[in-house]
Amino acid sequence: MKTLRLQSLAAALAFAITGLYAIDPGPYQMAAFVFFAQPLFVIAGVGYAWRVWKDLKTREVL
Amino acid sequence: MEITDLTRILTGLLCAVGFFLCLWLPRVDFGKIDSDRKVHLGFATLSGMAFFKLLALAALFAVPAASVAVANYHTIEGVHGVESCNRCHVMTPMVTDMHDPHSQTLAARHFRNGWIPKDQCYQCHSDYGLAGDLQAKMEGYRHLARYTTRSYEEPIKYRGVFPNDNCLKCHAPTPKFQAVPSHATVRARLADNTLSCLNCHGRAHPSREQRTPGHTDYPRLMGEDE
């Protein structure tokens, strides 16, 4: 595991959308949270888990 | 302060923390962290690698999971208020009419007489949308997608049959309801929704024609002539 740039970018964007939704919970913000932010969080989480798994395989822990 | 306000504040705080962690995380090169570096947290001392990996876990897993959970609580539970429904402009005619002291629709009469003290939309549509069961939630997401992509036409139409249970849950146990002989006659048809309460008790909201752009009542219902 060297850096987590893409995962961090996806999560930061998702946090920004979710934060906007928390500030002003209108229909467009809700749709952005439901249809964009949540998948971005999943992408970030899965990307992170994949990097951890690869790291553990490299170190022969798994 | 209500719990929905608290969830919004908590979501905002979690997002702020998560956002700044995610801005900082790309600067960390895990291949170049000094193996001798120690990080003192007051209650524990960690190696630099363990500390940064824990922060990555927080930024990309723990804080996002908490943010999604709290924000979804707001999405599902925080949408019961009339103002939440009124945020979509297609709902404005219903809300304007409900608040109209001269309207004779069921919604307006329930509101005017204080029969439903709060969350008036949700109390009669408790099976609907993000607050209802799984099928209702899917329907709510469909409405959200169609509204935000503007893939709908005014006036909007109620899909399916309005369940009488939404009326009967309050009215059926009352002596006033039970004293009406025709209610006993049609009990089975009310139970299986082959007869609507609205057949005898009138319109719940303004008609589809009134809610059509161009109709003389449309500007008033949209609150444009105030």
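Start by selecting B:R150, which sits in the loop between α7 and α8 of chain B (helices here are DSSP runs of H or I, at least four residues, numbered from the N terminus). Its phi is near 55 degrees, a positive value in a residue that isn't glycine. Most residues other than glycine have a negative phi, and most peptide bonds are trans.

Before moving on, a word on the ground rules. This is a predicted model, where local features need pLDDT of at least 70 and side-chain atom pairs count only at pLDDT 80 or more, while totals for chains, interfaces and linings use all residues. Residues are numbered from 1 along each chain as its sequence is written, chains are lettered from A in the order written, and side-chain values use heavy atoms, with hydrogens and water left out.

Next, jump to B:D119, in the loop between α5 (106-112) and α6 (120-124) of chain B. B:D119 also has a positive phi, near 50 degrees.

**Where the chains meet**

Now show both chains. On chain B, 38 residues are in contact with 33 residues of chain A (contact means heavy atoms within 4.5 Å). Together the chains bury about 2900 Å², 73% of it on carbon and sulfur atoms; that's the accessible area (1.4 Å probe) lost on putting the two parts together, summed over both.

Select A:D55 and B:K53: their side chains form a salt bridge at 3.1 Å, N to O. The rule (a Lys or Arg side-chain nitrogen within 4 Å of an Asp or Glu carboxyl oxygen) finds one salt bridge across this interface.

Colour α1 (3-24), α2 (48-77) and α7 (134-148) of chain B next, the elements that give two or more residues to the side touching chain A. The top contributor is α2(B), with 14 residues. By class, that side of chain B has 24 nonpolar, nine polar and five charged residues.

**Last stop: a nonpolar patch**

Select B:M1, B:I3, B:L6, B:I9, B:L13 and B:Y73, which make a nonpolar surface patch with about 640 Å² of accessible area together. Patch members have over 30% relative accessible area and no salt bridge, and nonpolar side chains are joined within 5 Å; areas are by Shrake-Rupley with a 1.4 Å probe. The largest share, four residues, comes from α1(B), while B:M1 lies in the segment before α1.

Key
Nonpolar A, V, L, I, M, F, W, Y, C, P; charged D, E, K, R; others polar. Patch = residues over 30% accessible without salt bridge, like charges linked within 9 Å, V, L, I, M, F, W, Y side chains within 5 Å.
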